[in-house]
Amino acid sequence: MNPTEALQKTETRSAKKAFSPRTDIYETDEAIVLRADLPGVDEASLDITLAANRLEIYAAPEPREVQGYNLAHCEYGGGDYERSFVLPDKVDGEKVDAALSNGVLELRLPKKEGAAARRIPVAGGK
Amino acid sequence: MLTHNSVPGAFRNSLYSWSGCGDLDRLRGEVNRLFSAGSAFPALNVWSNDEEAIVKAELPGFEPADIEIALEGRTLNLSGSRELEEVKEGEKLYHRERRTGKFSRSLKLPVGVDADKVTAEFRNGVLSIALPRAAEHKPKKVEVKTS
């Protein structure tokens, strides 16, 4: 993708109203795990991109309006989901694993081999 | 936003044009969120026509078995719970924004529904409850006769 294309993509996306999904992030020994609430989203409408260390989640769920019905009471609106994260260097972008279940996305971002903190012995001294 | 009780005019034809919620509802939602972070989960949308109403709730991460739907007269009760994965020994939690625990909401329907015909579907974390109007609450056409 050339820079112009990338820019256009960003523009089309931001022109629509987007929600930032609620997300939990935690770290285990092997991976950084991210879980995001994306109600109404299925695999086909979900787009996850990882460029350099920037992870972007974008989802366009099916429209929330119900054809042939009037909206009688409203507490949530329609729109897409969009959120991006900057990943630490220790994440191995090649091995990211994504799973979607009941409207929750789980992303497992394994750490690079040897990224675990290593104690360095100090030589010398008497 | 309804905390407990009524959905005024849930079956009434609406004046909203769909671009999300009406501006006033959105404003009310924002204000409510400022004052009571936990009171209105899940957010509900109600759709209606002459035949039935559809109540929609966003419940990501729930299983159908975690959700209880009960109809008592004209009151629809929705409850359930979601336990988030616990953080184990040696794991570090950076961010917790997702809701956990129990919820319970009820809404009063302004017209009767046929309780035997209520159906519910759960897909991609969205619950849809279809509530057909009771026969006596369906709009009837009145013929005007000339004398």
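## Layout of chain A

Chain A contains one helix and nine strands. This is a predicted model, and reading chain A from the N terminus gives the order α-β-β-β-β-β-β-β-β-β.

Of the 126 residues in chain A, 25% are buried. Looking at contacts in chain A between residues at least 6 apart in sequence, 57% link residues at least 24 apart.

## Two positive phi angles

Two loops of chain A deserve a look. A52(A) sits in the loop between strand 4 (46-51) and strand 5 (54-59) of chain A. Although A52(A) is not a glycine, its phi is positive, at about 55°.

N102(A) lies in the loop that joins strand 8 (97-101) to strand 9 (104-110) of chain A. Its phi is near 50°, again a positive value in a residue other than glycine.

Is each of these residues buried or exposed? A52(A) is exposed, because 8 other C-beta atoms lie within 10 Å and exposure is assigned at 12 or fewer.

## Nonpolar cores

The largest nonpolar core has 21 residues, and those touching the most other members include V46(B), A53(B), L109(B) and L127(B). Two or more residues each come from strand 6 (70-74) of chain A and from strand 1 (44-48), strand 2 (52-58), strand 4 (75-82) and strand 8 (126-132) of chain B. Strand 8 of chain B gives the largest share, four residues.

Another core, of 13 residues, lies apart from this one, and A36(A), Y81(A), L100(A) and L107(A) are among its members.

Key. Residues are numbered from 1 along each chain as its sequence is written. Chains are lettered from A and ligands numbered from 1 in the order in which they are written. This is a predicted model: local features need pLDDT of at least 70, side-chain atom pairs count only at pLDDT 80 or more; totals for chains, interfaces and linings use all residues. A nonpolar core is a set of buried Ala, Val, Leu, Ile, Met, Phe, Trp, Tyr and Cys residues joined through C-beta atoms within 7 Å. A residue is buried if 20 or more other C-beta atoms lie within 10 Å of its own, exposed if 12 or fewer, and partly exposed in between; C-beta atoms are placed from the backbone. Two residues are in contact if their C-beta atoms, placed from the backbone, lie within 7 Å.
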